[in-house]
Amino acid sequence: MTYAWLLVGSAIVAEIAAALGLRISDGFTKPLPTAFALIAFGSAFYLVSLSLVHLPVSTVYPVWAGGGTAGVALVGVLMLKERAGVLKGLGVVLVVAGIVALNISS
């Protein structure tokens, strides 16, 4: 079971990397970042599919999607110097709280 959660965590990291690759790809006009983004997205899907062998989709998918969303928002603010407002911060906190609630309930 722990191994399956490691797969979900790795899928979240891959999704965050893929989103950053999309940003750098400049609308798929730069081949290397484009390839990186596509490979990272493929890896994320593959890792999630492996985790679903052992974990329920009703928990895994929201954790994966929410973790990726919160992670991209944090990376955008911390690394890409995007604006961080109170509402954006509250949104990330709510996403993380939802992930925690899902894990507690399952």
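Reply: Buried means under 20% relative accessible area, exposed means over 50%, and partly exposed lies in between (1.4 Å probe, protein chains only). This is a predicted model, in which local features need pLDDT of at least 70 and side-chain atom pairs count only at pLDDT 80 or more, while totals for chains, interfaces and linings use all residues. Residues are numbered from 1 along each chain as its sequence is written, and side-chain values use heavy atoms, with hydrogens and water left out.

Me: Which elements make up the protein chain, in order from the N terminus?
Reply: Helices (H or I, at least four residues) and strands (E, at least two) are DSSP runs, numbered from the N terminus. The protein chain has four helices and zero strands. From the N terminus on, the order is α-α-α-α.

Me: Is F28 buried, partly exposed or exposed?
Reply: F28 sits in the loop between α1 (2-24) and α2 (31-51). Its phi is positive, about 65°, although F28 is not a glycine. The relative accessible area of F28 is 49%, so F28 is partly exposed.

Me: Is K81 buried or exposed?
Reply: K81 belongs to the loop between α3 (57-78) and α4 (86-105). K81 is a residue other than glycine, and its phi is positive, near 60°. With a relative accessible area of 68%, K81 is exposed.

Me: How are α3 and α4 oriented to each other?
Reply: Axes are lines fitted to C-alpha atoms, for helices over the stretch in contact, and angles run from 0 to 180 degrees between N-to-C directions. The axes of α3 and α4 come within 9 Å and cross at roughly 155°. Angles under 35 degrees count as roughly parallel, over 145 as roughly antiparallel, 65 to 115 as roughly perpendicular and the rest as oblique. Therefore α3 and α4 are roughly antiparallel.

Me: Which residues have the most contacts inside the largest nonpolar core?
Reply: A nonpolar core is a set of buried Ala, Val, Leu, Ile, Met, Phe, Trp, Tyr and Cys residues joined through side-chain atoms within 4.5 Å. The largest one has 16 residues, and its largest share, seven residues, comes from α1. Those with the most contacts inside this core are V8, I12 and W64.

Me: Which residues does V8 touch, leaving out those up to four places away in sequence?
Reply: Contact means heavy atoms within 4.5 Å. With residues up to four places away in sequence not counted, V8 touches S51, L55, V60 and V63.
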